Amino acid sequence: AITPPIFAFMLAGEQSVIRDQRGAEVEARRAGGSTWHLRLANVFMEHTLVAFGVVITPMYGAILYSELNKPRYEGWRLSHAIIHTRVYGQAAAV
């Protein structure tokens, strides 16, 4: 019950910080060019959720693929593989 308000507060704070940084970044870009890795880092910073999706989604897919292809006993169900994927994925994402 407390998690959604905390998430909203943190997301609003992050958006505020990013909005404040964009003005400084525009001035820095006008002063000189950036190399490709700095531009990529800036894109990931500006689009945080997209960056997480690009990095974490294939990682979760690889973990699920690994879990589904392991030899298991007869009682093993898909839900077990999904739960293991969630646990391993959270550990890897952190």
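A salt bridge is taken here as a side-chain nitrogen of Lys or Arg within 4 Å of a carboxyl oxygen of Asp or Glu. The structure, a predicted model, holds two salt bridges. Local features of this predicted model need pLDDT of at least 70 and side-chain atom pairs count only at pLDDT 80 or more, while totals for chains, interfaces and linings use all residues. Residues are numbered from 1 along each chain as its sequence is written, and side-chain values use heavy atoms, with hydrogens and water left out.

The protein has four helices and zero strands, and its elements run α-α-α-α from the N terminus on. Helices (H or I, at least four residues) and strands (E, at least two) are DSSP runs, numbered from the N terminus. Of the 94 residues in the protein, 11% are buried. Buried stands for under 20% relative accessible area, exposed for over 50%, and partly exposed for values in between (1.4 Å probe, protein chains only).

Both salt bridges involve Glu67. The side chain of Glu67 meets that of Lys70 at 3.3 Å, N to O, and Glu67 also forms a salt bridge with Arg72, with the closest N and O atoms 2.7 Å apart. Glu67 is buried, its relative accessible area being 2%. Through shared partners, the salt bridges join Glu67, Lys70 and Arg72 into one network. Lys70 is partly exposed, at a relative accessible area of 35%, and Arg72 is partly exposed at 34% relative accessibility.

Arg72 also lies over the face of Trp76, at 4.2 Å from the ring centre. For such a contact, NZ of Lys or CZ of Arg must be within 6 Å of the ring centre and within 35 degrees of the ring normal. A pair of aromatic rings is described by the distance of the centres and the angle of the planes. Rings of Phe, Tyr and Trp (its six-membered ring) pair if their centres lie within 6.5 Å; planes under 30 degrees apart count as stacked, over 60 as edge-to-face and the rest as tilted. By this rule the count is one aromatic pair. The pair consists of Tyr73 and Trp76 and is edge-to-face, with 6.3 Å centre to centre and 75 degrees between the planes. Tyr73 is exposed, with a relative accessible area of 56%.

The largest pocket holds about 260 Å³ of space. On a 1 Å grid over the protein atoms alone, a pocket is an open set of points where a 1.4 Å probe fits, with protein on both sides within 12 Å along at least five of seven lines; lining residues have an atom within 4 Å of a point. Grid points are joined across faces, edges and corners, and the volume is the space filled by probe spheres set on the points. Helices α1 (3-31) and α3 (48-69) each supply at least two residues of the lining, and α1 gives the largest share, six residues. Among the lining residues are Phe7, Met10, Glu14, Glu46, Thr48 and Phe52.

Glu14, in helix α1, is partly exposed, with a relative accessible area of 33%. Between Glu14 and Thr48 the C-alpha to C-alpha distance is 9.8 Å, at a separation of 34 residues in sequence. Glu46 belongs to helix α2 (residues 36-46) and is partly exposed at 21% relative accessibility. Glu46 and Gln21 lie 9.7 Å apart, C-alpha to C-alpha, and 25 residues apart in sequence.
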